[in-house]
Amino acid sequence: MTRSNSTLTTILLVLGWFLLSPQVRAAGDAREKFAQIDVSGALFTVANGINPRGDIVGAYLDSSGRLHGFLLSKGKFTTIDPPGASLTVALHINPEGVITGLYRTSNGNIHGFLLGDGEFLTIQKPGTTFTVLDGINPRGDITGEYRDASDNVHSFLLSNGSFTPIAKPGAALTDVEGINPRGDIVGFYIDSSSNFPGLLLSDGKFTTIDVPGAAQTFGCFGINARGDIVGSTIDSSGNDHGFLLSDGKFTTIDFPEAVATDLNDINPSGDIVGQYADSDGNEHGFLLSK
C-alpha cells in the first residue's frame, strides 16, 4: 500500500481507480484511544488533517467511484466539493478552520483550493494546469506543489501572495506537506537511489529524517507546534507503518490488526489522524487520541 495522502500519490491512485450519514466507530481493541473513521457507504475513507479543535478533513470514495473531500466536526460529516469539481481531496485544516486541498475539473486540470467561512477560493500557480495546496498554518502560509510545462514537479511556499520555490539540493524531487506555526515544513524527497527519505525544513536548513530499522522512510506528513512529526515507513516486506518523532525519539504506531498504517497529521494536543488497511484490503481513516 502506498500513502494515499501524499498529493502526487493521491492523484495517481485516483486517476487510475476510480450529506452521507456519519459513522465513527471505535476500533474494537484494548487500545481504546483508536477510533475508526468511515463515511457511511464509502468504498474507502482517508483522514488527512486535524486542527487544535479536533476538526478532521480527508477524502472518501463513493459507491459510484467519485472522490470527495470531507470535514468531520463535532461528530458530523460535511462533504467538500468545489464548484465544477469531478474529484476532490481535502488535505489540511488550520486552527481558524481554513481547509486546503485539490480538485480536478472536467478538462483534467488539477487546482488547489482554500475553503474558509463557506467560501471556496481556487489558487493556481501562474502558467500551470496542475497545482496542489497541502499544509496551512495559523498565519495562512501554505505549502504545495505544481507541475511545469515539461511535467516536472516543483514544491513551493505560498506566503503573503508570493510563491517561493522549495527544493532540497541534490534531490531528484522535493515534496512538501505539513507546516506548523513557526513555519517549520515537513515532507519528503527522492534521492539518487530513488529512496523517499523524510525531510524537515527549519530556519532555512534541510534535515533528512530516516526511521531506524525501516527499509525505507516514506516521508513526513504532519508537524505540530511542538515540533512533533508524523509520517510513514515501509518495512522489508513492503508494508506501511506509521511513526511519531517526538523529543528525538521514534515510535512506531500501527492501527490494531491492520496490515498497513499511515500517519498523516498531528495537532498540538498530540492527536493523530491517518488511514489503515484491514486484512481484506479495505482502507479506513482513524483518529488516535492522546
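Predicted model: local features only at pLDDT ≥ 70, side-chain atom pairs only at ≥ 80, totals over all residues.

Me: How many aromatic pairs does the structure hold?

Reply: A pair of aromatic rings is described by the distance of the centres and the angle of the planes. The structure holds 14 such pairs. One of them joins F255 and F286, with 5.6 Å centre to centre and 50° between the planes, a tilted arrangement. F255 belongs to the loop between β22 (249-253) and β23 (260-266), and F286 to strand β25 (residues 283-288), so the pair ties together parts 31 residues apart in sequence.

Me: Is F255 buried or exposed, and which cluster includes the ring of F286?

Reply: F255 counts as buried because its relative accessibility is 3%. F286, at 0%, is buried as well. Ring pairs link F34, F255, Y276 and F286 into a cluster.

Me: In what order do the strands of the open sheet run?

Reply: Strands of a sheet pair through backbone hydrogen bonds, either parallel or antiparallel. Here, 4 strands form an open sheet in the order β11-β12-β13-β14, with antiparallel pairing. β11 (131-136) and β14 (162-166) stand at the edges with a single partner strand each, so one side of each has no neighbour in the sheet. On average, neighbouring strands of this sheet are turned by 30° against each other, direction ignored.

Me: Over how many bridges do β13 and β14 pair?

Reply: Strand β13 (residues 153-159) pairs with β14 over 5 bridges in the antiparallel sense. The bridge partner of F156 in β14 is P165.

Notes: Residues numbered from 1 in each chain as written. Heavy atoms only, no water. Phe/Tyr/Trp six-rings, centres within 6.5 Å; stacked < 30°, edge-to-face > 60°. Helix = DSSP H or I, 4+ residues; strand = E, 2+ residues; numbered from the N terminus. Buried < 20%, exposed > 50% of the residue type's maximum accessible area, 1.4 Å probe, protein only. Pairing = 2+ DSSP bridges. Axes fitted to C-alpha atoms, helices over the stretch in contact; angles between N-to-C directions.
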